[in-house]
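Please open the model in your viewer and keep the sequence panel beside it.

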Amino acid sequence: MTDQTYPLGQRHVKRLGYGAMQLAGPGVFGPPRDRDEALAVLRAAVAAGVDHIDTSDFYGPHVTNQLIREALSPYPQDLVIVTKIGAGRGADGSWLPAFARDELVAAVEDNLRNLGRETLDVVNLRLMFDAHGPAEGSLAAPLAVVADLQRQGLVRQIGISNVTPAQIAEARGIAEIVCVQNQYNLAHRDDDAVIDMLAAAGIAYVPFFPLGGFSPLQSAALSAVATELSATPMQVALAWLLQRSPNILLIPGTSSRAHLHENLAAAALILPEAAIATLDAIGRPA
C-alpha cells in the first residue's frame, strides 16, 4: 500500500498526502498556535515522502499558504500543491461564498502570490450553495472563469469540491476535471456511488474530513478493530479509505509531527477482510 500512486491530472502522486488546513489558528482562522511546529510539520511531511499537499488561501486567510512557502520554497520538483477557491472569510471567521468573476480571479492571484508560484498545479472550485454540504445549483459561470484562468496558464488542472453528481456531470461538460473533493469517511458514506463512478472514469476522489473533521470519528467497532491490529483508530480509518477504492487520495491534516507520522504509517496497514466487513457496517443505516 505504501508505494501506491494515482493520477492527479498529468502527475502521479502517492495516495497518502497532507492537508494544511489545521496549520491555521482555531476555526481555521488566524495564525498557528505554534508557528515553529507548523513549519516543522510541513518539512517533515516532504522529508517523509509526501508529494501532494492540499491547501487554500482562505485558510487563515493567507496563513497556510505563507507557511507552505516559508517551509518548502524552493519547492521539490515532484511536489503537487492543490488549492481551492470559491469561498472567503468574514472578519469574524465566517465562511462566505466568493463566486463572482473578480473574486475568483483575486483568489487565484492570492494563491499564486502567497505560495510564490507562477502556476497553480491544481485548483478546486468549492461550491458554496450550502456551506455545510453539497446542494444543487449550476456551476457553469464560476467554472468558466477557472477554465479561462487555465487557458491563461495560471491554473494547470481543475478540480471541484462540495458537489453533487449532477454538478460533476455539468463540470465535465465544461472542463477536464482531475479530482473531486467531498466529505467522506467511515461514518459519512453518501458518496459511495460517486466514488465508483469516478474510479471508472479515472478521476481522483479526495475525501475531506477523512477522520471526521472537527468531530473526530468515534466508534466502538473502530476501536475494537484498531486494538486487534495494534493500530490507532485513526490509522484504521485511513487504511479503510485506502482500501475502499484505488482512486481515493487522502489528505489528513495535523499540526503535530508525531500525529503526522502516525497518519503516514496508515499507508502500510493492510486490513483483513473481517475487519473491513466490521468497518463497512459503521456507515450503514441502522
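Which strands each supply at least two residues of the lining of the largest cavity? Select β8 (120-126) and β9 (155-161), since these are the two that do; helices (H or I, at least four residues) and strands (E, at least two) are DSSP runs, numbered from the N terminus.

Before going further, note that this is a predicted model, in which local features need pLDDT of at least 70 and side-chain atom pairs count only at pLDDT 80 or more, whereas totals for chains, interfaces and linings use all residues. Residues are numbered from 1 along each chain as its sequence is written, and side-chain values use heavy atoms, with hydrogens and water left out.

**The cavities**

Stay with the largest cavity and select its lining, which consists of Leu8, Gln10, Arg11, Val80, Asp121, Val122, Arg156 and Gln157. A cavity here is a set of points, on a 1 Å grid over the protein atoms alone, where a 1.4 Å probe fits but cannot get out, and lining residues have an atom within 4 Å of a point. The volume is about 50 Å³, taken as the space filled by probe spheres set on the points, with grid points joined across faces, edges and corners. Coloured by class, this lining shows three nonpolar, two polar and three charged residues; Ala, Val, Leu, Ile, Met, Phe, Trp, Tyr, Cys and Pro count as nonpolar, Asp, Glu, Lys and Arg as charged, and the others, Gly among them, as polar.

A search of the whole structure finds two cavities of 30 Å³ or more.

**The whole chain**

Along the principal axes, the C-alpha atoms fill a box of roughly 55 × 45 × 35 Å. Of the 286 residues, 53% count as buried, where buried means under 20% relative accessible area, exposed over 50%, and partly exposed in between (1.4 Å probe, protein chains only).

**The nonpolar cores**

Next select Tyr18, Leu42, Ile68, Ile160 and Val236, the residues with the most contacts inside the largest nonpolar core, which has 82 residues. Such a core is a set of buried Ala, Val, Leu, Ile, Met, Phe, Trp, Tyr and Cys residues joined through side-chain atoms within 4.5 Å. Helix α8 (residues 233-244) contributes the largest share of this core, eight residues. Centre on Val236 and, leaving aside its neighbours within four places in sequence, display its contacts (heavy atoms within 4.5 Å), which are Leu222, Val225, Ala226, Ala231, Leu269, Leu271 and Leu279.

A second, separate core of twelve residues includes Val82, Ala204, Leu249 and Ile251. Within this group, go to Leu249, in the loop between α8 and α9 (257-264), which counts as buried at 0% relative accessibility. Among the residues that Leu249 touches, not counting those up to four places away in sequence, are Tyr6, Leu8, His52, Ala204 and Pro207.

**Backbone details**

Finally, show the backbone and select Gly60 and Pro61, which are joined by a cis peptide bond with omega about -10°; Pro61 belongs to the loop between β4 (52-54) and α2 (63-72). Another cis peptide bond joins Ser73 and Pro74, with omega about 0°, and Pro74 is in the loop between α2 and β5 (80-85).

Two further selections concern phi. Val28, in the loop between β3 (18-19) and α1 (35-47), has phi near 60°, a positive value in a residue other than glycine, and at 3% relative accessibility Val28 counts as buried. Phe209 lies in the loop between β11 (204-205) and α7 with phi near 55°, again positive in a residue other than glycine, and counts as partly exposed at 21% relative accessibility. Most residues other than glycine have a negative phi, and most peptide bonds are trans.

Notes. On a 1 Å grid over the protein atoms alone, a cavity is a set of points where a 1.4 Å probe fits but cannot get out, and a pocket is an open set with protein on both sides within 12 Å along at least five of seven lines; lining residues have an atom within 4 Å of a point.
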